[in-house]
Amino acid sequence: MRRTISSATTSSTWRSRDDNTLPIGGRTMSTSSWTTTSMAENADSESIFFSSLNPLAPISIVMIHILLSSHLEWAHCWPQLTEYHLLIPDLPQHSRSKHVGPFSFVLAADRIAQMIREHAHDGKAHLVGLSTGGFVAMELIRRHPDLVLSAFVSNAVPVTEAWKSLNSSPRISYLGLSVLLHSPKSLLFKATGWAPEFQNDELLKEIKRNNTARLYEAGARETNNWSKDDMAEVGKKDIRIALVVGGKQDNVEGTREMGQVLASVGSKEGKRSRAFVVKDAIHAWNLQYPQLFARGIRAWIEKHPLPQAFEPLEPLQPTKPLEAPV
């Protein structure tokens, strides 16, 4: 994977007049606390774009975004993780990786694996993924387990039959999403739960650009095809995985079950996989509670207890049958 390195802190569209700040959500954020930062650019048709932050930090983390989004999605999380080397890609067929495709979990996993081999410290990294990014992280574990130190995955378990039914006509779902994306911002943010203080016009522009029928339908198809058997295959790779679910919009009981699956088939590290719910969280809760999201990442990587908001999803205890009266 070839790249060129810029001395800029980030891409030119984010730069403010003050080279030590970034304009995010209508305000500026200081980067003075960050370590040396670089931007990786593609130089060939096979490589995905990625941003490399804090390259002198000793431990690498890969952060993988949701469908239709971009690496900008993590703009409020990465300042909370300055002690780590962060590799933050645009998925295939998204934003600056639009030339790589067509999108699939396998293609995305293989391209990110290439990035890890060439740019992560010691050729290994912790994985962080949300929704589509979470599925890609698990596909990467299944195909390239030797590259993965641990994984923190949110809202990425086999979908319910109701969701499969909804996505059985992805063109209709795509049209509904398109209407929402081009509705007044107040309606969009209310519908998604995107916190006002973390709204980012640049990210919203990227989502609108990425929102094509072809990409949406590919993402929906890949998600619908992910199964419990796929989860078991991932679990057998024996990687310690945190499965996190947002309590407001997502499949809590499915996450509980998949946490049990991962732990049950692991032999060493994999047995320490766990499932958690953040009850007040929406689907894309890195745009709702980015500081909490980052604290969860840090705790999982460092093998510390997760913050109190992460409630363990323990296995359900079977109910005892009622005894007949004597």
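**How many helices and strands does the secondary structure of the protein chain come to?** The protein chain has ten helices and twelve strands, where helices (H or I, at least four residues) and strands (E, at least two) are DSSP runs numbered from the N terminus. Welcome to a predicted model, in which local features need pLDDT of at least 70 and side-chain atom pairs count only at pLDDT 80 or more, while totals for chains, interfaces and linings use all residues. Residues are numbered from 1 along each chain as its sequence is written, and side-chain values use heavy atoms, with hydrogens and water left out.

**Figure 1. Overview of the chain and its confidence.** The mean pLDDT (the predictor's confidence in each residue, from 0 to 100) is 83 for the protein chain, and 74% of its residues reach 70 or more. Over residues 1-40, the pLDDT is below 50, and this stretch has 104 contacts in the model beyond near neighbours in sequence; a contact means heavy atoms within 4.5 Å. Please keep one caution in mind: where pLDDT is low, the predicted coordinates should not be read in detail. Of the 326 residues in the protein chain, 57% are buried, with buried meaning under 20% relative accessible area, exposed over 50%, and partly exposed in between (1.4 Å probe, protein chains only). Among contacts between residues at least 6 apart in sequence, 74% join residues at least 24 apart.

**Figure 2. A salt bridge between R111 and E46.** A salt bridge here is a side-chain nitrogen of Lys or Arg within 4 Å of a carboxyl oxygen of Asp or Glu, and the count comes to 14 salt bridges. In this view, the closest N and O atoms of R111 and E46 are 2.7 Å apart. The pair links distant parts of the chain, with R111 in helix α1 (residues 105-119) and E46 in the loop between β4 (38-42) and β5 (50-53), 65 residues apart. R111 counts as buried because its relative accessibility is 16%, whereas E46, at 43%, counts as partly exposed.

**Figure 3. E253 and R256 along helix α9.** These two side chains meet in a salt bridge of 2.8 Å, N to O. E253 and R256 are three residues apart in helix α9 (residues 252-265), so about one helical turn separates them. E253 is partly exposed at 41% relative accessibility, while R256 is buried, with a relative accessible area of 13%.

**Figure 4. The surroundings of E269.** Look for E269 in the loop between α9 and β11 (274-278). E269 forms a salt bridge with R272, with 3.5 Å between the closest N and O atoms. Both ends count as partly exposed: E269 has a relative accessibility of 29%, and R272 has 39%. Not counting residues up to four places away in sequence, E269 touches D238, I239, R240 and K303. The C-alpha atoms of E269 and L149 are separated by 9.8 Å, although these residues are 120 apart along the chain.

**Figure 5. A network of salt bridges around R142.** Here E139, R142, D230 and E233 are linked in a network of salt bridges. R142 is found in helix α2 (residues 132-143) and is buried, at 18% relative accessibility. Leaving aside neighbours within four places in sequence, R142 is in contact with W226, D230, E233, V234 and K237.

**Figure 6. E222, buried without a salt bridge.** What is the nearest side chain of opposite charge to E222? That side chain is R221, 4.4 Å away; in this count Lys and Arg are positive and Asp and Glu negative, with His and the chain ends not counted. E222 is found in helix α7 (residues 213-225). Setting aside residues up to four places away in sequence, E222 touches S104, F105 and V106.

Figure 7. Rings of Phe, Tyr and Trp (its six-membered ring) pair if their centres lie within 6.5 Å, with planes under 30 degrees apart counting as stacked, over 60 as edge-to-face and the rest as tilted. The count comes to eleven aromatic pairs. One of them joins F152 and F293 edge-to-face, at 5.5 Å centre to centre and 70° between the planes. F152 lies in strand β9 (residues 148-154) and F293 in helix α10 (residues 290-301), so the pair ties together parts that are 141 residues apart in sequence. Both F152 and F293 are buried.
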